[in-house]
Amino acid sequence: MTDKRVGMEVSIAAAEAVKMARAECVAAYPITPQTHIVEHLSELVANGELEAEFVPVESEHSAMSVCAGTSAVGARTYTSTSAQGLSLMSEILYIVSAMRLPIVMSVANRAMSAPLSIWNDHSDIMTCRDCGWIQIFAENGQEVFDQTICAFKIAEDPRVLTPAMVNLDGFTLSHVVESIYEVSQETVDQFLPPYKPVYRLHPDQPVTMGAFGMPEIFAEARKAQDIALRDSYSVILEVWEEWGKRTGRHYNPVETYRMDGAKIALLTMGSFGEVAMEAVDRMRKKGIPLGLLKLRLWRPFPFEDIRKSVQGLEMLVVMDRAISTGGIGGPVASELKSALYGQAKRPKIISFIAGLGGRDVPPEHFEEMVGQAMKLKGKRKIEEFYTIGIRGE
Amino acid sequence: MTKPIDQFTWKDIPLGCVVTEAGNAHEYKTGDWKSQRPVVDTSKCIKCGVCWIFCPDAAIYKNEEGYFLANLDYCKGCGICARECWTGCITMVEEEK
């Protein structure tokens, strides 16, 4: 069960979770705002608190390549990155997921340059949406800690064997001190036994990994990978349920807040869920039937949970932290529109883009989104997306 | 291999496309890639084996009489053996079909 509550920077909590998960290899390259995570891990390894190989590589491409190697020999492997670093490792992200290597990575989400930005939005991860990894978004420090440990158990499950990433908003999560319930090492050890690979590179039983795939086999291989990622959904639920039993903290693919009797709902992903809760409370006081949906699981996409959660809603106001330039606008809204298109009864989806490149989104902006959306009720013409907090609208 | 690759369904794909059988590349005959094949004039061959050393596909073997010849199941017709041969006994000949 849970022990004491301690004040801790969220990056440190992520690193502590990796330590408690007994990672055996960490290969990483420092990049703001991920730096504190790997700095702390290198200290833990140097101090002998974590018995692992720490490989200080020369780039993120190398970081993920080292991870591919260490995971292939059967070591529990971890890395972390942000934005440009994530893009640089992009090529290997696709390779390790198709090779079914259960690497765990924290992505401290940051805007893609240019203009050069070190601040938070979700444009980095959206470039890697289809890389075949399990993708989880954390809302607060506790979730970062819990989800990092859960990610190892999910990824390494023999029914899954797919890499998993935990997204945490850069600075707004990575650099803040939060009070976090720690878990005893004993609890983590019981929850997360050592990794037992199905196949690994070992001279006693040679195998070839990452072989060439002719057109006669490639499509079947890709389909097998897609089915495995979709099927990981039930294991994710199982793992979260077990974590809930052991720690008292329960997680769902889609979290709901004040959805009872809601006709309108906001939908967020990541740390802005907590700000949106404040806006929901304020608007509920004014008698507006507003609720909130928080999307925790981005891949595999929880289609049924979403369809169930929006039942009875007239309007769904989606806040995106990235823009699909020249396209649909918000990637999360676009996904939701697709998920609900085939439903006989579905809410009107109003897409808002806010909080790009570290721009703050206070509760008033969420109220403004809902206010604007309500004005669109019954209107025929709805734009692909709207923006909030961008000057010159 | 249990069955030809084009009969595998997605359910037959081993986890992560791992190849569990060591050395099964020999089942993959790459000889049909070539557009030219090496023909050896044994009267000029001095059995030095330089072609065997240079062949990037290890497709050259020594026959019972000690001559070095290409196994056409694997030879891709790159012509390196003909280029490197000291006596010029190897000629690259266009494949007819």
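This is a short tour of the structure above, stop by stop.

The model is predicted, so local features need pLDDT of at least 70 and side-chain atom pairs pLDDT 80 or more, while totals for chains, interfaces and linings use all residues. Residues are numbered from 1 along each chain as its sequence is written, and chains are lettered from A in the order in which they are written.

**Stop 1: the two domains.** In chain A, colour domain 1 (2–247) and domain 2 (254–387); such bounds come from an automatic or database domain assignment. Their C-alpha centres lie 28 Å apart.

**Stop 2: where the domains touch.** Here 25 residues of domain 1 of chain A are in contact with 20 residues of domain 2 of chain A (contact: C-beta atoms, placed from the backbone, within 7 Å).

**Stop 3: the largest nonpolar core.** Now select Ala14(A), Ala265(A) and Phe352(A), which are among the residues touching the most other members of this 126-residue core. Both domain 1 (2–247) and domain 2 (254–387) of chain A give residues to this core, so it lies between them. A nonpolar core is a set of buried Ala, Val, Leu, Ile, Met, Phe, Trp, Tyr and Cys residues joined through C-beta atoms within 7 Å; buried means 20 or more other C-beta atoms within 10 Å of a residue's own, placed from the backbone.

**Stop 4: Leu316(A).** Leaving aside neighbours within four places in sequence, the contacts of Leu316(A) include Ala265(A), Val310(A) and Ile349(A).

**Stop 5: chain B.** Finally, show both chains: 13 residues of chain B are in contact with 19 residues of chain A.

Technical notes: Buried ≥ 20, exposed ≤ 12 C-beta atoms within 10 Å, placed from the backbone. Contact = placed C-beta atoms within 7 Å.
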